Amino acid sequence: MKETIKTVITDYLTELKRISKYLFDFPEEGYQEYKASKILCEALEEHGFQVEKGVYGIETAFKSLYKSGKSGPTIAFLCEYDALPDIGHGCGHNLIACMGLGAAIGLKSVIEDIGGDIIVLGTPAEETSGAKVEMVRRGAFDDVSVVMMAHPSPLSEESGTSLALNALEFDYRGKPAHAAHSPHKGINALDSVILLFNGINALRQHVSSTVRMHGIISEGGVAANIVPEHAVARFYVRAPKKELRDEVTEKVIAIAEGAASMTGAKMTWRHYEESYDDLRTNKTLSKAFNRNLLQLGEKQIYQNASLRGSLDIGNVSQVVPTIHPWIGMGDENIVPHTRQFAEHTLTERGTEAMLKGACSLAMTAYDVITSEELQQEILKEFKEQQNKI
């Protein structure tokens, strides 16, 4: 049956290439992916999937379902399709979307024989305030057995981990005054931001080397001869585990409060984007995926590079067994989040990665559905991970 899956996806490859090119030609940023969502939903409907649009309170999210009519696990494939500003699909989300679509269509060709159900979830805005976080909160994964998606990359890597992230905005309000005539009558909000940066730089010595803290000044005053009345800084605080992320975040907030006390400014803070938890790869499921990718001709799967970045699928992995492997496009010199990377998704190697990713996802789903032993091993590992929290 795996050969059937592979044949079906290969036969559909021309259409997958067309959809990938369409997404490339019409890149849309997070929560604006109307064209992308529409074309993916249409493709799923054409293959007999029940499609709900605008789900979980998110206009460009969707949920697509195909039921076999027989008992068995529910497999969820995730599609990402948001693009980067100015660069387009420099993270290859056009391929991610088509891998998920192709995997679902391939698995559908055998699902009525083996049982189980297929869910395809369209998950907007991974690059910014990822929709998966809200979808977790709203129960999108409550009845799902396993979650899988695959991401294009320079080289193939196994599913690993990611950095938990908090996005913090610090807003300082001071008092304006003439910066030369009467500076003593003003309260400098920008000084608070500068003290915040200095305080965080001092904190770096006293946190783990795996912690990342980086920020910008998004507002810093309007003119050099006016004491800045308003200043704003934005920071990302990242750590390998969400518990450490939150511990460091408390220290950063304390520094922000201290900076306000030192100048007399008033400070408020907020999460300006969703918080991402660390990805907890289900290694049992990951090994099954790796076996299928190797069977499809992949020569080498590298160990996942730690401290790569932050992913909203991390939140998903806290509630359901999850993998997020990386599918190589055969060139270690291409750099993600560049126009070169985006253009590479349309090459022959990009197409090959899309095909391998879709087939590996569908074939791994087949393994899960047809093996109660594998199901039990996946669930046992997941429960053990949860018990360690």
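Mentor: Contact here means heavy atoms within 4.5 Å. This is a predicted model, in which local features need pLDDT of at least 70, side-chain atom pairs count only at pLDDT 80 or more, and totals for chains, interfaces and linings use all residues. Residues are numbered from 1 along each chain as its sequence is written, and side-chain values use heavy atoms, with hydrogens and water left out.

Trainee: Which elements do the buried residues of α6 pack against?

Mentor: Helices (H or I, at least four residues) and strands (E, at least two) are DSSP runs, numbered from the N terminus. Buried means under 20% relative accessible area, exposed over 50%, partly exposed in between (1.4 Å probe, protein chains only). In α6 the buried residues are Ala189, Ser192, Val193, Leu196, Ile200 and Leu203. They pack against β7 (164-173), β8 (212-219), β9 (230-239) and α7 (242-263).

Trainee: Within what arc do the buried residues of α6 fall, seen down its axis?

Mentor: An α-helix has 3.6 residues a turn, so residues three or four places apart point the same way. The arc is taken over the directions from the helix axis to the C-beta atoms. The buried residues of α6 line one face of the helix, because they fall within an arc of 100 degrees.

Trainee: How many disulfides does the count come to?

Mentor: A disulfide is a pair of cysteine sulfur atoms within 2.5 Å. For cysteine 91, the nearest cysteine sulfur, that of cysteine 79, is 15 Å away. For cysteine 359, the nearest is that of cysteine 98, 13 Å away. By this rule the count of disulfides is 0.
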